Amino acid sequence: MRAPQESKLPITQDDCLALDAADPLSALRAQFALPEGVTYLDGNSLGARPKAAPERARAVLEAEWGDGLIRSWNTAGWYDLPVRLGDKLAPLIGAGPGEVVVTDSTSVNLFKALAAAIKLQADSPENGHRRTIVTERDSFPSDIYMAEAMIAWLDRGYRLRLLDSWDQLPDALNDDGGVAVVLLTHVNYRTGRMFDMGAVTAQVHAAGALMIWDLAHSAGAVEVGLTAAGADFAVGCTYKYLNGGPGSPAFIWVPQRHQGAFSQPLAGWWAHRQPFAMQPAFAPAAGIRRALCGTQPIVSLALVEVGLDIFAQAPLAGLRRKSLALTDLFIALVEQRCAGHGLTLVTPRPHAQRGSHVSFSHPHGYAVMQALIARGVIGDYREPQVMRFGFTPLYTAYADVWNAVHTLAAILDRGDYQIDAARGAVT
């Protein structure tokens, strides 16, 4: 599915409706609860609710918990749910069975992955001297906080190097201090820029470092090939493009080749080889279960499964094609309808460098976004001056793109936004 090209400008509303009529994925939209009169372009922050979610939650609460009680850890499959969900999620990130577990938060899982990578390097005769962790200054702040916390907790001479731009990576890898781990976000949360996972991972490995990817803004929206890239660890969330619900558990990927040596400091009983033996000494479970920690949040995990089941109905390649068509259309329409209003495209134009959200900066971006939200077009805002618009191919329609840009143009043409609007909580 292709959006109208520049040669066919101007793009009309009928063009967008024709794209929807020809969209092989359009039927998936009916599986989501989307409020009437709302154009939702913030699935990169919180995915829409699958219509099947309340029924699934009710089944867990009333039948599995209410009737099954504690027996449901076995009879309803609660105990194995984190691993079973991991196997469902694995194809979306290019991973194999038994390599992903859904558990905890992205930040907690990142702490585990960092600890495991640092220990692997510290235990290596060739790389034990390495003491630098590299990430971008423009990474999601929590990733940086976790790296800083790890360094402070270890108190063994590690340091954090922040890159001001991704093209500084080669110089960082030649750092005399020795880079142990590189942590990067596959798709940048603010700009929507996407790394070439395979090329970057190869570059990092050539320098003797290990590679951790944060997939929070790519899992479920772009094609990810962790195994093909030879990456070392990855983490991500399920409440964005995977539609698991607010604060739903995240995931961690540990490839088979690292699982035997995988060690993380949060050694809870769910990661024990025999959790119900109640032994005082910790003995890690075999395989991916050693990435778990404590007792799992079953209701939240059950809702994650509802979101993941929808992905089984569409090939990821088809979702990616639609994502690119939606973002192409949005960029073209904004530049067609909103020229001269101070908007600057932040997201890269090349498909290979673009995730599934588009960011434009504007001197009054916060105020403009609040005006959009007040008119039923929900995107979000990130400092400095960046308006983000997320395109979730499972449920975003081409007509949504038209409606969003039509509303944006009307606001900008009339200057219909409150410049001195106070900053509040943003999604």
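Rings of Phe, Tyr and Trp, the last through its six-membered ring, are counted as a pair if their centres lie within 6.5 Å. In this predicted model, Trp 73, Trp 78, Tyr 79, Trp 269, Trp 270 and Phe 276 form one aromatic cluster.

**Aromatic pairs**

The structure holds 15 aromatic pairs. A pair of aromatic rings is described by the distance of the centres and the angle of the planes. Two of the pairs are set out below.

| Pair | Distance of centres | Angle of planes | Class |
|---|---|---|---|
| Trp 269 and Phe 276 | 5.3 Å | 75 degrees | edge-to-face |
| Phe 330 and Phe 389 | 4.8 Å | 45 degrees | tilted |

Phe 330 belongs to helix α12 (residues 316-337) and Phe 389 to strand β15 (residues 386-390), so their pairing ties together parts that are 59 residues apart in sequence. Phe 330 is buried, at 0% relative accessibility, and Phe 389 is buried as well, at 2%.

**Charges over rings**

Tyr 79, a member of the cluster, has Arg 289 over its face, at 4.2 Å from the ring centre. Likewise, Arg 131 lies over the face of Tyr 158, at 4.8 Å from the ring centre.

In soluble globular proteins, nonpolar side chains tend to be buried together. Here the largest nonpolar core has 58 residues, and Val 182 and Trp 213 are among those with the most contacts inside it. Helix α11 (residues 298-311) gives the most to this core, with seven residues. A second, separate core of 37 residues includes Cys 16, Leu 19, Phe 360 and Leu 408.

Methods: Residues are numbered from 1 along each chain as its sequence is written. This is a predicted model: local features need pLDDT of at least 70, side-chain atom pairs count only at pLDDT 80 or more; totals for chains, interfaces and linings use all residues. Side-chain values use heavy atoms; hydrogens and water are left out. A nonpolar core is a set of buried Ala, Val, Leu, Ile, Met, Phe, Trp, Tyr and Cys residues joined through side-chain atoms within 4.5 Å. Buried means under 20% relative accessible area, exposed over 50%, partly exposed in between (1.4 Å probe, protein chains only). Helices (H or I, at least four residues) and strands (E, at least two) are DSSP runs, numbered from the N terminus. Rings of Phe, Tyr and Trp (its six-membered ring) pair if their centres lie within 6.5 Å; planes under 30 degrees apart count as stacked, over 60 as edge-to-face and the rest as tilted. A charge sits over a ring if NZ of Lys or CZ of Arg is within 6 Å of the ring centre and within 35 degrees of the ring normal.
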